[in-house]
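Reader: Before I rely on any label attached to this model, I would like to see the value and the criterion side by side. Could you take me through them?

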2 protein chains.
Amino acid sequence: MRKDTSTNALNEKFINDTCGMGRALNIVGGRWKPAILYKLYRTTMRYGELKKSIDGISERMLVAQLRELEEDKVIERIVYPEVPPRVEYRLTDLGRTMGPMLEAMSNWGDLHREKTGDQTKGSSND
Amino acid sequence: MRKDTSTNALNEKFINDTCGMGRALNIVGGRWKPAILYKLYRTTMRYGELKKSIDGISERMLVAQLRELEEDKVIERIVYPEVPPRVEYRLTDLGRTMGPMLEAMSNWGDLHREKTGDQTKGSSND
DNA sequence: CTCATTTCTTACCTTTTTGTTAGTACTAAC
DNA sequence: GTTAGTACTAACAAAAAGGTAAGAAATGAG
């Protein structure tokens, strides 16, 4: 749980309020958000589809990060009143505006790997 | 300290190896790295200058993040053999290639603030 | 010999993030 | 009444990140 008076939390908030980069990082950062956004960038997906397609993610993490992305208004959650339940996730219009940024990040990450010759070459986690 | 057999660490590594976005995030993310990069993007700076110019950062954090950026080859550390010591930090060529990505992040962060009408409008932490 | 200056280092603690496991709610089909 | 399928929640534990405070090395100035 958040303790929003800790120095830690205050620092974060300050950076968020004054620096676009910090804000972007807060929204897009975190272990699984890149993967989620990558999937949803191509198409709407159900909860279960996301879970299956993202290797290694736990339900707790998937739900948590979906909720955060939703709060940040970059994705939306559509519930169909059926049984068993069906819930779809998709990018919002605001979410779609991330495109150029996400691409820039992806490209630079690949460039960095190339230049530093690190690790296995990426066959993107698709 | 890193425990590189934890599930957590393995997940991170996997994402790093397969996803450019994840890799970029790891290099540029963290509480203070955006601020450091922002400063160094304009000019070479001494340790003490960085410390003074980045509001709220502790020495431990400053050193730690500088070290990480150095390891990732985006900044370099130049030591002048003087007393008292003088150490300068500056972007490497690889570091300079981050330009478009950092701008994209900054721009999107600002756009997001605009669209969601959140918080104080940013007078960038300069 | 003491002090000031600069760039860190170390030890310890708090906060935040991530992972593990088990369980819930709903209803239709058997 | 039990089971199956889907999308979660809750409680707890481990790991990582961040914060605080004190100290260390090196040396020229006084």
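Author: Let me begin with handedness: a crossing is left-handed if the near helix is turned anticlockwise from the far one by less than a right angle, and right-handed if clockwise. The model is a predicted one, and in it the crossing of α3(B) and α5(B) is right-handed.

Reader: Why is α3(B) called roughly perpendicular to α5(B)?

Author: Angles from 65 to 115 degrees count as roughly perpendicular, and α3 (residues 33-42) of chain B packs against α5(B) at an angle of about 70 degrees, with the axes 10 Å apart; therefore α3(B) is roughly perpendicular to α5(B). The contact involves B:K33, B:I36 and B:L37 from α3(B), and B:L62, B:Q65, B:L66, B:E68 and B:L69 from α5(B). By class, five of these residues are nonpolar, one is polar and two are charged.

Reader: What makes the pair formed by A:R77 and a phosphate oxygen of DNA strand D a polar contact?

Author: A polar contact is a pair of N or O atoms within 3.5 Å, and a polar side-chain atom of A:R77 lies 2.4 Å from that phosphate oxygen of DNA strand D, so the pair qualifies.

Reader: Which element gives the most to the surface near DNA strand D?

Author: That element is α5(A), with four residues.

Key: Residues are numbered from 1 along each chain as its sequence is written. Chains are lettered from A and ligands numbered from 1 in the order in which they are written. This is a predicted model: local features need pLDDT of at least 70, side-chain atom pairs count only at pLDDT 80 or more; totals for chains, interfaces and linings use all residues. Side-chain values use heavy atoms; hydrogens and water are left out. A polar contact is a pair of N or O atoms within 3.5 Å; within protein, one must be able to donate a hydrogen and the other to accept it, and residues adjacent in sequence count only if both atoms are side-chain atoms. Helices (H or I, at least four residues) and strands (E, at least two) are DSSP runs, numbered from the N terminus. Axes are lines fitted to C-alpha atoms, for helices over the stretch in contact, and angles run from 0 to 180 degrees between N-to-C directions. Angles under 35 degrees count as roughly parallel, over 145 as roughly antiparallel, 65 to 115 as roughly perpendicular and the rest as oblique. Contact means heavy atoms within 4.5 Å. Ala, Val, Leu, Ile, Met, Phe, Trp, Tyr, Cys and Pro count as nonpolar, Asp, Glu, Lys and Arg as charged, and the others, Gly among them, as polar.
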